[in-house]
Amino acid sequence: MDIKDNLQKMSKNDLQWLYNDIYKSNTYKNKKEIIDILMKPIKTSVNSFLEISKWDKNNKNIQKQLKKILKEDKLTSWQYLKKIPANQKLIFLIDKYDIILSFIHVTKVTKEELQFSFSYTPKDKRRKGYNKQLREYIINKYQKIGVSDFTSIPFDGANSEPLLIKLGFKKEGKKYVYRISTNNTSIFTI
Ligand SMILES: CC(C)(COP(=O)(O)OP(=O)(O)OC[C@H]1O[C@@H](n2cnc3c(N)ncnc32)[C@H](O)[C@@H]1OP(=O)(O)O)[C@@H](O)C(=O)NCCC(=O)NCCS
């Protein structure tokens, strides 16, 4: 089996690790361009998920795109996080060219509760199922590591309300809750 076959079988996460390893151990001036060219054929055509808990040089492109989107859409209901607090994350769905398709700001309220604090899909990408896909990914991943309550408190009339209902969230007062029980651990296919 050749190297290309092996690389194609690796997950995006592992490829990212490999990329970082090569990046760190390589001393060529234009090493980033070299690695990008080498990796291009093995970047699959599917979209992928990216979790960011700290802004650094590896996610500069996303940071730049996010600022541009927020400025262009004149978004006022959410503030760009210069520093991401320790219990929070920004989780993105990106396409094969690393273009943002949708993102969610999540807060780990307690060990068991993860709250969807704010979600956003750029205007020209809405109603394609991107935000739903992202939430399903998060629920599927985090339930495996002990989160049992996925919550959200959308403002009145927010577009995310029908989305939460579609995903099976139940309204408890102002809060929408998706509670994991042993009976519904595998409803999502991702
Ligand atoms: C809310 C938001 C993130 C949804 O993103 P999206 O990627 O377009 O959502 P999806 O395509 O995954 O929607 C999945 C389902 O949710 C529901 N839904 C999503 N947007 C909806 C809307 N504007 N009106 C009614 N239902 C909607 C639908 O049931 C939809 O399925 P369908 O298209 O097959 O009918 C997006 O509209 C947005 O960024 N809005 C502005 C910011 C905002 O209001 N954020 C929410 C506050 S936290």
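Figure 1. Along the sequence, the elements of the protein chain follow the pattern α-α-α-β-α-β-β-β-α-β-α-β-β, with six helices and seven strands in total. Helices (H or I, at least four residues) and strands (E, at least two) are DSSP runs, numbered from the N terminus. The model is a predicted one, in which local features need pLDDT of at least 70, side-chain atom pairs count only at pLDDT 80 or more, and totals for chains, interfaces and linings use all residues. Residues are numbered from 1 along each chain as its sequence is written.

**Figure 2. Strand 4 and its pairing partners.** Strands are taken to pair if DSSP finds at least two bridges between them. Strand 3 and strand 4 run antiparallel and are joined by six bridges; a hairpin of four residues connects strand 3 to strand 4. Strand 4 also pairs with strand 5, in the parallel sense, over three bridges. From strand 4 the chain passes through helix 5 to strand 5 in a right-handed β-α-β crossover (clockwise from the first strand over the helix to the second, with the strands pointing away from the viewer). Gln115 in strand 4 stands opposite Thr107, and the bridge partner of Gln115 in strand 5 is Thr151. Six of the eight residues of strand 4 are buried.

**Figure 3. Helix 5 and its buried residues.** Helix 5 comprises 14 residues (130–143) and reaches 20 Å from its first C-alpha to its last, close to the 20 Å expected at 1.5 Å a residue (1.5 Å times one less than the number of residues). Tyr130, Asn131, Leu134, Arg135, Ile138 and Ile139 of helix 5 are buried. An α-helix has 3.6 residues a turn, so residues three or four places apart point the same way. The buried residues of helix 5 pack against several elements, among them strand 2 (88–94), strand 3 (100–108) and helix 6 (160–166), where contact requires C-beta atoms, placed from the backbone, within 7 Å.

**Figure 4. The shell around the ligand.** The ligand is surrounded by 19 residues, of which Thr121, Arg126, Asn131, Lys132 and Leu163 are the closest (C-beta atom, placed from the backbone, within 6 Å). Helix 6 supplies the largest share of this shell, four residues. Strand 4, helix 5 and helix 6 each contribute at least two residues.

Technical notes: Buried ≥ 20, exposed ≤ 12 C-beta atoms within 10 Å, placed from the backbone. Contact = placed C-beta atoms within 7 Å.
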